[in-house]
Structures are given as structure tokens and as C-alpha cells.
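This briefing covers a ligand site and the pockets of one protein. The sequence and structure come first, followed by notes grouped by topic.

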Amino acid sequence: MNLTKHDFNLNRSDRESIKNQKACTVWMSGLSASGKSTIANILEIKLHAMGKHTYIMDGDNTRLGLNSNLGFSDEDRDENLRRVAEVCKLMNDAGLIVICSFISPFERNRLKAKEILGDRFLEFYVDADLSTCEDRDPKGLYKKARSGEIKDFTGVSSPFEISDSAVRLINNNYDDLDKNVNIIIKELKKNNYL
Ligand code: ADX
């Protein structure tokens with residue numbers, strides 16, 4: 001390929017040290033409307049209040065920009081998540097704590113992200129019942145998927161493979177949100193990221 005990695009003088013730990021933090025990627029998988037982005041939002045507010053420099057990567061947002069050429073076929077989801085993981089790697093290299101909210105439906109997607117991010121990858125599965133997600137249906141997408149207006153919709157016409165290796169966050173009720181954010185913070189502490 002005629003490419004050689006260039007090593008610059010400053011590295012991740014230099015960048016981390018001026019921020020007094022340790023970079024990692026909190027990766028949340030789960031059905032659409034399971035609460036991933038809501039948890040990401042609360043988590044970011046808490047980490048920010050602790051003086052940590054964070055960034056949220058979210059499915060809808062990245063698909064409106066970086067990944068606007070991708071749809072929801074299995075291959076496009078693979079590419080969507082590969083690119084996202086590479087961006088997380090860059091942000092970790094920049095010293096940031098990244099919070100990801102992506103359906104990431106296939107085991108191979110999470111394994112690939114882990115392969116790209118190494119031991120800085122912390123995986124969580126936001127577990128809300130399909131019926132709960134469908135009742136919430138904040139964007140009306142489940143309704144469209146059931147009527148056939150949207151194809152390949154996760155949980156309806158496209159599969160979701162539950163992760164065995166992730167920390168499970170049961171998120172069926174409003175009351176679960178704070179509890180789940182605290183579980184993530186506990187995991188971050190346990191792994192010496194906080
Ligand atoms: S992933 O499968 O590639 O990880 P991602 O998290 O980026 O998905 O995007 C999911 C978001 O796209 C959903 O929250 C929903 O708002 C929207 N969306 C639109 N079409 C679909 C679809 N067919 N399946 C799942 N989500 C969809």
C-alpha cells in the first residue's frame with residue numbers, strides 16, 4: 001500500500017495528562033428506542049461535571065454526516081460501525097472519553113469495534129423489551145416498520161444479536177436511567193478510567 005505510520009512527538013498519554021483523564025470508549029448497543037442516547041446524555045452531563053472531556057457518538061447524528069452514504073443493509077451497518085470505531089480510536093488518541101450509542105446489532109460489529117479499540121473498549125448492552133421500545137416509538141419508526149414502509153428494521157425485520165460479553169443495563173422504566181448511568185460510572189471506576 002506504500003503507507004508508513006508516522007509517529008509524532010506527542011502521544012495519547014501526553015494529551016490525557018493535560019486533561020487529567022484516561023481515554024476510553026463506552027460502547028452501548030441495543031434496539032432503537034431502548035434508551036441508549038438518553039443514558040449517553042445523562043452520563044455525559046455527569047462526566048462533564050467531574051471535569052472530564054467527553055464526546056457522544058450517536059447513530060442518527062453520524063448517519064446525518066460522516067455516514068450519510070450508508071443505509072441499513074447488513075453490509076452498510078458493518079461499514080457504519082467500522083468507521084465509527086475508527087473515529088472513536090482517533091478521539092481516544094486525542095485523549096477524550098467517547099460515549100457511543102449505536103444499535104450495533106451483530107456480534108461481529110462489536111468484536112470489530114473491540115479489535116479496533118483494544119482494551120479501551122467498554123461494552124454495555126441496553127436491554128429494553130421490544131414491546132417497550134415499540135410502545136415508546138419516539139420517531140414513529142416501529143409503526144412504519146410494521147406497515148412495511150421501512151425495510152430491514154432492527155427487531156422487526158432485521159435481527160439483533162444480544163451480546164454475551166457486555167455489561168447488561170436493563171432499561172424498561174424511567175427509574176432505570178440513573179441506575180444504569182451509575183453502573184457505567186462504577187465500571188469506569190473499576191477499570192481505572194475515573
Ligand atoms: S446500526 O445498526 O448501524 O448500528 P445506528 O445506530 O447507526 O444503526 O442507527 C440507528 C438509528 O437509525 C435508529 O435509532 C433509527 O432512528 C434510525 N433508523 C432508520 N432506519 C432504520 C432501520 N431500518 N433499522 C434501524 N434503525 C433505523
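Which of the 19 residues around the ligand come nearest? They are Arg63, Arg77, Asn80, Ser104 and Lys139. The model is a predicted one. The ligand sits in the largest pocket, and helix H3 (59-64) and helix H4 (74-93) are the elements that give two or more residues to the shell around the ligand.

**Ligand contacts**

- Ser104, one of the residues that come nearest to the ligand, has a polar backbone atom 2.9 Å from an oxygen atom of the ligand.
- Lys139 is also among the nearest residues, and an N or O atom in the side chain of Lys139 is 2.7 Å from a ligand oxygen atom.
- At Asp152, a polar backbone atom is 2.9 Å from a nitrogen atom of the ligand.
- The ligand taken alone exposes 560 Å², and the protein buries 92% of that area.
- By residue class, the shell around the ligand holds 8 nonpolar, 5 polar and 6 charged residues.

**Largest pocket**

- The largest pocket, in which the ligand sits, contains about 620 Å³ of space.
- Its lining is made up of 31 residues, and those closest to the centre of the pocket are Ser32, Lys36, Asp60, Ile103 and Lys139.
- Helix H2 (36-49), H3 and H4 are the elements that give two or more residues to this lining.
- The lining of the largest pocket divides into 12 nonpolar, 10 polar and 9 charged residues.

**Second largest pocket**

- The volume of the second largest pocket is about 360 Å³.
- Of the 16 residues that line the second largest pocket, Lys5, Asp7, Arg15, Lys89 and Asp93 lie nearest its centre.
- The lining of the second largest pocket comprises 4 nonpolar, 4 polar and 8 charged residues.

**Helix H4 across the sites**

Notes. Residues are numbered from 1 along each chain as its sequence is written. This is a predicted model: local features need pLDDT of at least 70, side-chain atom pairs count only at pLDDT 80 or more; totals for chains, interfaces and linings use all residues. Side-chain values use heavy atoms; hydrogens and water are left out. A residue is near a molecule or strand if one of its heavy atoms lies within 4 Å of it. A polar contact is a pair of N or O atoms within 3.5 Å; within protein, one must be able to donate a hydrogen and the other to accept it, and residues adjacent in sequence count only if both atoms are side-chain atoms. Accessible areas come from the Shrake-Rupley method with a 1.4 Å probe; for residues, only the protein chains shown count as cover. On a 1 Å grid over the protein atoms alone, a cavity is a set of points where a 1.4 Å probe fits but cannot get out, and a pocket is an open set with protein on both sides within 12 Å along at least five of seven lines; lining residues have an atom within 4 Å of a point. A molecule sits in a cavity or pocket if more than half of its atoms lie within 2 Å of its grid points. Helices (H or I, at least four residues) and strands (E, at least two) are DSSP runs, numbered from the N terminus. Ala, Val, Leu, Ile, Met, Phe, Trp, Tyr, Cys and Pro count as nonpolar, Asp, Glu, Lys and Arg as charged, and the others, Gly among them, as polar. Grid points are joined across faces, edges and corners, and a volume is the space filled by probe spheres set on the points.
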